[in-house]
Each structure stands twice: as C-alpha cells, then as structure tokens.
Amino acid sequence: MTRYDARREGSYLQARRNEAGEKAVIGRALRWKVAVGFIGAMLLTSALDFLSWRNKEAASKEADLIARSYAVMRTLDLTLAHIIDIETGARGFAATGKDQFLDPYTAGQASLAEDLNTLKQLTAGNADQRQWLGPLTEDVNASVALSHKM
C-alpha cells in the first residue's frame, strides 16, 4: 500500500467517523425535537380538555338556572290561574248565591297556599326573584281577602 493509498484510506475512515458523528448529533437533535413536540401536543391536549370541561360545567349551571326560571314562571301562571278561580268563584257566589260557585273558590285557596310555598322554595337561591316575592304575596293576600268579603 502506498503512502497515498494510506492517506486516502485514513481520510476515508476519518470521513466515515465524521459522518457517523454527524448522524449521531442529528439523531439526538431529532429525538429532542420529537420529544418536545410530543410534550407540547400533550400539554395542548390537556389544556383543551380542561377548557372543554370548564365550559361544560358553566353550560350545565346556566341550564339549571334557566330550568329553575321556567319553573318559577309556570308556578306564577298557576298562581294567577288559582287567583282567577278564587275571584270568579267569589263573584259567582255573590251574584247568584249558589254554593256550586264556591267549589273553584275553595280549590283555588288550597292550591294558592301550595303555589306560594313552591315559589318560596324555587326562589330561595335567587335574590332578584326573591325581592318581588314579598310584594306578590301581599297582593295575593289582598286579592283573596277582597274575594272573601264578597
């Protein structure tokens, strides 16, 4: 083997070593980038899961408030219907003197007390709704007292 061939072979081996070293460096850098990308994806997925859960909880609370508000409105409609029954029965009895008109009056009075208790329970957690319950109860009692006088 000549000196030139030895140099050539030595530079070839050196080149192979350099190439292997570069591949190792590139391999480590690639593994590091993949690991960082994977961790980033996991963090992003976890953050999105948390935000999704929080939005679901908020929507659930809103749905509960809406359902409670609709229950209050239905009970108010029933209360109004029972007040009308009381007034109609009292007027019918006052005009005719027939006891059959007292049936809606007595049924309305029994249901009215239940309606007011239901409204108190439904509005227990809502200060805005609770503030009008006192004046409503006073108006209902005044209407019943007026109907009772007939």
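The model is predicted, so local features need pLDDT of at least 70 and side-chain atom pairs count only at pLDDT 80 or more, while totals for chains, interfaces and linings use all residues. Residues are numbered from 1 along each chain as its sequence is written, and side-chain values use heavy atoms, without hydrogens and water.

**The whole chain.** Helices are DSSP runs of H or I with at least four residues, and strands are runs of E with at least two, numbered from the N terminus. Of the 150 residues, 17% are buried (under 20% relative accessible area, with a 1.4 Å probe and protein chains only).

**The core.** Next, select Ile86, Leu112, Leu119, Val140 and Val144, which touch the most other members of the largest nonpolar core, a set of 13 residues. Such a core joins buried Ala, Val, Leu, Ile, Met, Phe, Trp, Tyr and Cys residues through side-chain atoms within 4.5 Å. Helices α1 (3-96), α2 (102-122) and α4 (133-149) each give two or more residues to this core. Centre the view on Val144: beyond its neighbours within four places in sequence, Val144 is in contact (heavy atoms within 4.5 Å) with Ile86, Tyr105, Gln109 and Leu112.

**A residue on the outside.** Finally, select Leu44 in helix α1. Leu44 counts as exposed because its relative accessibility is 53%, and exposed means over 50%.
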